[in-house]
Amino acid sequence: VGSLPETWDLYVPEDLVGAQVRRGFVAMNARVSSGVDWLAVKVTYESEGIGVDRAELERCLREGKKFVKLSDDSFAQFDPERVRAMMDREVELMASSGKAGKLPLSQAGRVQELLQHAESATIAATTRALFEKLGNIAEITPAKRPRGLKAVLRPYQEQGLSWLKFIDDLGSGGVLADDMGLGKTVQTIALFMALKNEKKGLRALIVAPTSVVTNWVREIERFAPTLTTALWHGAGRREQKKDLGNVNVIITSYALLRRDIDLLKKIKLDYAILDEAQNIKNPLSATAQAARELLADRRLALTGTPIENRLSEIWSIFEFVSPGLLPSLPKFEEKFARPIDQ
């Protein structure tokens, strides 16, 4: 002000008379916690410990302003590009949240990315341990051969079982994409046996092409005879309805998944497994939509061809196993599918 010519008059708007402008810029702060199969993130924006209302910050962004009013009526400067980038990442992340704002563990990577933009972060001890575990994925603990499994696993199948058990412990879904004939079925059955022994129970649904549903029944009887099964198949299947709540593994086809989804989605499952998961490669198909409606704690996709023609096919599979892990389909196609296809 002292540098202005003395002949000038200085006018200050009433709401700015006596206003304090803080030296610090607006920054993001984050608090992260986690539970059995979820993450929770709370994001706030502040300057020098004084908070700013998010709606006010958004208004200033829209209007092209570079100062924002804080909760104590003081003002702080902010970098529009940096704040917009932080808020965009927050919005993308929260779009994946479910009830009570909880995020699936599949979002751990995106949470960590968000934390890189935060000025400060408070991370619960259990969450920090989870992040450390994810950072050491190469050190997956070998899983023991499940008691009662009537099969000798090859070394790579043992590694597959260890990985399946690892993601189960994390509470995440996954895609087992071994080539055809390498034993995806027996690895899945071995996981079932491990979980049944550990948790004293199991409720899983396997959806497979019609041509192989009976093969699943035979393989389970052969390798894991202590697992009980129900084949939801054929014109008389309604007579088996009572069996669905009394067995370890329900086996059905993609055609019946679409037709009977109103019944199947009411069953509380530990696992929902899609065999030959490329059957849901079209994310807009009735089959893919029905698969996403299943009520399961964990989800697996088994496929030797996760991508057949277009990159968006793998988006559909991952949207089943870990909803929200990838951005929305339009954003995925814009950022990844179209540039790679071209």
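The crossing of α6 and α7 is right-handed, meaning that the near helix is turned clockwise from the far one by less than a right angle. This is a predicted model, where local features need pLDDT of at least 70, side-chain atom pairs count only at pLDDT 80 or more, and totals for chains, interfaces and linings use all residues. Residues are numbered from 1 along each chain as its sequence is written, and side-chain values use heavy atoms, with hydrogens and water left out.

Helix α6 covers residues 184–199 and helix α7 residues 213–223; their axes come within 10 Å and cross at roughly 55°. Axes here are lines fitted to C-alpha atoms, for helices over the stretch in contact, with angles from 0 to 180 degrees between N-to-C directions. Helices are DSSP runs of H or I with at least four residues, strands runs of E with at least two, numbered from the N terminus.

Which residues of α6 and α7 meet? From α6, Thr185, Val186, Thr188 and Ile189; from α7, Trp216, Glu219, Ile220 and Phe223. Contact means heavy atoms within 4.5 Å.

Now the strands. In strand β13, residues 269–275, six of the seven residues are buried, so β13 is largely enclosed by the rest of the structure. Buried means under 20% relative accessible area, with a 1.4 Å probe and protein chains only.

β13 runs parallel to strand β10, residues 204–208, joined by four bridges; Ala204 has Tyr271 as its bridge partner in β13. Strand β14, residues 296–302, is also parallel to β13, with six bridges, and Ile273 stands opposite Leu300 in β14. Strands pair if DSSP finds at least two bridges between them.

Key:
Buried < 20%, exposed > 50% of the residue type's maximum accessible area, 1.4 Å probe, protein only.
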